[in-house]
Amino acid sequence: MIASPVPTPGSPALEAQPQIPQHSDPLDSPDFDPSQYIALVFPSSTSSSEPVLARLKEKLRDMDYDITRRVNFQAEQSGQAKSEFEECKDCISALFEKIRRIREKAAASEQLVHDITREITALDQAKKNLMLSIATVKKLQMLAASLDHMKSIMSRKQYLDVAQLFEVIIKLSAYFRAFQNVAQIAVLLERVVQLRIDLKRQIFSDFDDGFIGGALKSMVPQLSDACFVIQVLDVQPELINWYCDTQLKDYRAVFRQNSEVGSLDAVNRRYAWLKRLLKLHDDEHAQIFPPHWKVAENLCERFCADTKKDISDVLVQTEAAIDVKVMLTAIQQTVDFESKVGGRFMAKTQSEDGVIETSKFKGIISCCFEPYLRLYINYEDKNLSSMMEAYRSSSAAEEEEAVFTSSTDLFLYYRQTLVQCSKLSTNKPFLELCRMFGKWLKIYSEALAGKLPREDKKSYSEEELKLACLLEEKLIEKIDEKFKSNVSFAQEIESFMNVAGLAIKSLANMVEMNADPAFTVMLKRPWGTMDSVGDQSEYISLISTSVMNSVAFIRHYITAPKYLRIFCDKFSESFLNKFYSSIFRCKPISEVGAEQLLLDTHSLKTVLIQMSSTTSAPDRQASLSPTGTPDKTPPPPAFLKILARGVQKIEQLLKVVLRSHEPAAGIVETYILLFAADGGGDSTMLQKILDLKGLKRGEQAPILELYQSRVAGAKDGSGGSGTSTGAGAGAATGGGGGASIGTPAVTASPAPGKSSLIGGKFKFGWKRE
């Protein structure tokens with residue numbers, strides 16, 4: 001159903017439609033409120049209702065009139081829309097009828113055209129069939145004529161024409177293969193097959209006459225043309241194999257039947273024979289064969305295959321009596337031969353990274369030696385054993401360089417052997433060789449550790465000091481060399497690291513023992529009867545001279561800052577411990593003697609800092625300023641931490657010794673503050689300090705009892721330790737019996753460069769200010 005048309009703006013229907021009046025009457029409002037309306041109509045209680053009723057009646061009449069008009073208008077419009085809908089249906093029916101008639105006329109026209117062109121199509125197909133038949137007959141005639149003509153040119157050996165004509169015959173026979181059920185065509189196809197056989201036999205016979213019959217020079221053009229026929233016949237692999245067998249016939253006869261020339265020590269004669277054969281090929285035979293056949297390359301491949309088989313047979317027969325040196329010479333000659341041949345026939349391939357050159361001759365013969373490389377590995381193992389025995393028997397005086405010549409020789413030998421073995425094989429034999437190297441590396445590290453000076457020696461010579469220096473540098477740089485990514489030398493590296501650690505420890509011990517004369521001077525000083533404090537003691541100057549001379553000597557051989565820093569750390573820690581132990585051997589020590597030792601400790605600290613600053617420079621030239629004086633390179637933080645810990649331990653001891661034993665509370669509180677607070681002190685240590693002061697057992701008893709009571713009170717929470725700070729501070733600042741200067745307060749260490757040894761303020765002469 002078609003909907004009634006909607007009146008558009010400006011149409012007569014829309015203009016004739018009565019408009020809805022817009023009233024402002026409250027009765028028309030959607031929010032009508034009766035109470036408000038009544039209050040509006042009757043503003044007072046005395047208002048009359050008649051005017052209101054009259055207005056309402058008038059309004060009702062208007063509304064009835066308006067409704068009647070709208071109903072009449074809608075009735076008129078409904079009748080008009082129905083008539084228009086009927087007209088539209090009639091138009092659509094007429095349109096469908098026209099379309100039907102057009103389709104009928106088109107079908108009739110198509111049938112008429114088909115009837116007209118039917119005969120033309122039949123004639124066109126007949127023409128095509130006729131043309132195909134004519135072409136087929138012509139091709140058949142061409143095939144028959146070509147076969148007849150082929151006989152005549154084959155008899156005259158005009159191979160260039162034969163190649164061109166036979167290519168045509170091949171194409172024609174391929175065309176007629178679909179018609180081989182026809183008897184005449186089947187006969188022609190059989191003639192083509194027989195022609196192929198006869199042509200191949202004739203050409204191979206010509207090659208026999210040329211290469212075997214001795215008439216090659218006169219037949220070169222003819223054989224060169226025959227190669228085109230061979231290519232058309234697609235039998236060039238057969239001809240190449242025939243040529244290779246012909247040329248290698250004498251080689252096989254000579255080297256397989258004669259054991260003397262076929263042995264390993266004569267392997268180079270094989271390669272010389274091929275060299276002569278290739279020269280003959282290049283001079284006389286290469287012009288016969290097309291270059292893209294790669295006859296020379298195929299000849300070398302066949303030669304390599306025969307040689308590999310011959311050498312394998314020789315190795316199997318003489319395995320029990322193989323001379324490794326002869327085998328290595330044969331392998332080297334074989335590898336060199338493969339390299340030369342591979343360089344001549346290098347294949348180039350294009351890739352994303354550019355042109356890549358590859359060789360098919362790499363390892364083509366030498367791979368037959370791989371199962372017997374275990375003999376070579378055993379040979380190298382014996383050589384390394386001999387080298388190691390020589391290293392063990394050599395003395396330190398024979399090593400004149402900063403790196404052991406034995407390590408240089410060893411790793412040079414490793415390098416040469418690895419290069420040689422990598423040329424032979426990168427498979428299991430190479431891995432076994434690397435494992436054997438690892439074994440001897442570990443043995444060598446043990447041999448080096450055995451050359452270290454023993455700690456129980458009383459003195460060290462300059463040669464032994466030099467030896468310890470060399471051990472820090474030897475092989476550490478070498479062991480980082482990667483032989484192969486799948487070979488691990490972690491255990492060997494750890495072994496060499498352990499040797500380096502032992503060498504550094506031994507070096508520190510030697511430098512420490514070189515300072516023994518200074519400690520002898522220290523022990524001979526009368527520390528218990530000193531009456532004044534002066535400059536640093538003589539033994540400190542001796543220590544400074546010994547240490548700085550040793551460091552200068554060490555720097556001549558050790559250039560790596562890493563090992564110099566390790567040496568400084570180890571030496572400083574060991575030397576301060578030795579100085580600490582030597583103090584206990586200096587008893588008795590008076591308060592003045594303790595003050596002098598505190599000053600000496602500060603001087604010793606300065607010496608060690610200077611030592612570290614000198615060794616921290618990258619090299620000897622860089623460690624000097626333009627004026628020729630050493631640069632003030634700041635010591636590493638780790639070294640300063642080690643130094644501070646060692647010096648603090650000595651200062652704690654000397655500060656307790658510095659305290660007077662009268663009254664006893666002063667020295668007890670100082671000891672508790674300096675030792676017990678750190679958990680490092682007990683009554684045994686206190687007794688050692690009292691012995692160091694030279695006190696007798698009777699004088700020590702009340703001090704030890706007071707200390708025990710203080711410690712017990714601190715454990716019971718009696719407050720003994722709570723009052724120790726005040727008492728200790730007062731005792732630490734009080735005068736000491738017989739002391740010529742003030743005693744130190746227990747304070748934190750000042751900044752570097754200032755005295756942290758004695759509390760209070762002193763001038764340079766160590767007199768009270």
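**Helices, burial and contacts**

Guide: In this predicted model, helix 7 and helix 9 pack with their axes 10 Å apart and at an angle of about 35°, and their crossing is right-handed. The contact is made by residues including Ile240, Tyr243 and Leu248 of helix 7 and Val295, Leu299 and Phe303 of helix 9.

Visitor: Why is Glu297 called buried?

Guide: Buried means a relative accessible area under 20%, and Glu297 has a value of 9%, so the word applies. Glu297 is found in helix 9 and, when residues up to four places away in sequence are not counted, touches Phe345, Lys360 and Phe361.

Visitor: What makes the pairing of Glu297 and Lys360 a polar contact?

Guide: A polar contact needs a pair of N or O atoms within 3.5 Å, one able to donate a hydrogen and the other to accept it. The side chains of Glu297 and Lys360 are joined at 3.1 Å, and this is therefore counted as a polar contact.

Visitor: How do you know that the length of helix 17 agrees with its number of residues?

Guide: Helix 17 covers residues 538-557, and its 20 residues should span 28 Å at 1.5 Å a residue; the end C-alpha atoms are 30 Å apart, so the two values agree. Among the buried residues of helix 17 are Ile540, Val547 and Ile554.

Visitor: Which residues of helix 8 are buried, and what puts them on the same side?

Guide: Helix 8, residues 267-285, reaches 26 Å from its first C-alpha to its last, close to the expected 27 Å. Its buried residues are Val267, Arg270, Tyr271, Trp273, Leu274, Leu277, Leu278, His281 and His285. Because these cover an arc of only 150° around the axis, they lie on the same side of helix 8. In general, an α-helix has 3.6 residues a turn, so residues three or four places apart point the same way. The face turned away from the buried side of helix 8 carries the exposed residues Lys275, Arg276 and Lys279, while what covers the buried residues includes helix 5, helix 6, helix 7, helix 9 and helix 10.

Key
Residues numbered from 1 in each chain as written. Predicted model: local features only at pLDDT ≥ 70, side-chain atom pairs only at ≥ 80, totals over all residues. Heavy atoms only, no water. Helix = DSSP H or I, 4+ residues; strand = E, 2+ residues; numbered from the N terminus. Expected span 1.5 Å × (residues − 1). Buried < 20%, exposed > 50% of the residue type's maximum accessible area, 1.4 Å probe, protein only. Arc of directions from axis to C-beta. Contact = heavy atoms within 4.5 Å. Axes fitted to C-alpha atoms, helices over the stretch in contact; angles between N-to-C directions. Left-handed = near helix turned anticlockwise from the far one by under 90°.
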